[in-house]
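Please open the model in the viewer and keep the selection panel at hand. The stops below proceed from the sheet to the ligand and then to the backbone.

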Amino acid sequence: MSEKKTPFVLGITGASGVIYGLRMLQYLLSIEQPVELVMSKAALRVMKEEHDLVLAENDTQGLLRYLELPENAPIKHHYLMDYGASVSSGSYKTLGMAILPCSIGTLGALANGLTENLVHRAAAVCLKERRKLVVVVREMPFGHIQLKNMVALSEAGAIVSCASPGFYHRPESVSDQIDFVVGRVLDQFDFDNALFKRWKQDAAPIVTPQRAKTHE
Ligand SMILES: Cc1cc2nc3c(=O)[nH]c(=O)nc-3n(C[C@H](O)[C@H](O)[C@H](O)COP(=O)(O)O)c2cc1C
């Protein structure tokens, strides 16, 4: 009997750069890592604005088609207000959760212990269970309140980062920049990935399952 893989929780919220979350989802599913996905309403709005991607809530097949993934990809796509979903409970085992991009609204909710939707609740579960929670905030500039919220969330055990791709890997495209950020988040969860060229890594070609869809 094949061993069932522990799922990974992915939250996508309504900050600019939803492509980071979509690329993360595409990568995880392409390596057959089960994903429990929760997307905010604002994330759907940003997908429309940034990628002309119009999805109804919980349109899993539409999402898989957009990402050029098979219909039977190992995804559980939750309704945003379904507090009875698996990821709502700490007794449901997961590898942890990444929220990318993370809006400053979601950041504020998490830093203050609010659970107004399933993104918040799943993240709060990770914190209380001491599972890894990585948030990739996207905003510019940061106000004092957001900076304080980042400190609070970090003190609560989350790994707080920004969607700030590096340049030392000599990116040639927007896809390279996206993959840098996604690859560094995957690193936090020990997913062995070659999405970007690492510092001092030999100049081997980067092999990726697919490229991120951008406007290039
Ligand atoms: C096109 C677009 C881009 C946005 N970019 C950002 C952003 O970069 N960062 C951010 O915190 N909010 C951004 N917002 C605003 C959030 O979507 C809004 O604050 C929302 O309430 C976040 O809700 P959520 O955290 O439930 O996704 C953007 C909204 C739109 C429509």
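Helices (H or I, at least four residues) and strands (E, at least two) are DSSP runs, numbered from the N terminus. The model is predicted, so local features need pLDDT of at least 70 and side-chain atom pairs count only at pLDDT 80 or more, whereas totals for chains, interfaces and linings use all residues. Residues are numbered from 1 along each chain as its sequence is written, and side-chain values use heavy atoms, with hydrogens and water left out.

**The sheet**

Select the six strands to display an open sheet with parallel pairing, in the order E3-E2-E1-E4-E5-E6; two strands pair if DSSP finds at least two bridges between them. At the edges are E3 (75-78) and E6 (159-162), each of which pairs on one side only. On average, neighbouring strands are turned by 20 degrees against each other, direction ignored; axes here are lines fitted to C-alpha atoms, for helices over the stretch in contact, and angles run from 0 to 180 degrees between N-to-C directions.

Next, select residues 8-12 and 97-102: these are E1 and E4, which pair in the parallel sense over 3 bridges. Within this pair, Val9 faces Met97 of E4.

**The ligand**

Which residues are closest to the ligand? Select Gly14, Ser40, Ser103, Thr106 and Arg138, the closest of the 14 residues that surround the ligand; a residue is near a molecule or strand if one of its heavy atoms lies within 4 Å of it.

- Ser16: a backbone N or O atom is 3.0 Å from a ligand oxygen atom.
- Thr106: an N or O atom of the side chain is 2.5 Å from a ligand oxygen atom.
- Arg138: a backbone N or O atom is 2.7 Å from a ligand nitrogen atom.

Taken alone, the ligand exposes 640 Å², of which the protein buries 66%; accessible areas come from the Shrake-Rupley method with a 1.4 Å probe, and for residues only the protein chains shown count as cover. Helices H2 (41-51) and H4 (104-111) are the elements that give two or more residues to the shell, and H2 gives the most, with 4.

**The backbone**

Select Leu100 and Pro101: the peptide bond between them is cis, with omega near -10 degrees, and Pro101 belongs to strand E4. Proceed to Met140 and Pro141, where the peptide bond is also cis, with omega near -10 degrees. Pro141 lies in the loop between E5 and helix H6 (144-155).

Finally, select Arg170, in the loop between E6 and H7. Its phi is near 55 degrees, a positive value in a residue other than glycine.

Methods
Polar contact = N/O pair within 3.5 Å; in protein donor to acceptor, adjacent residues only side chain to side chain.
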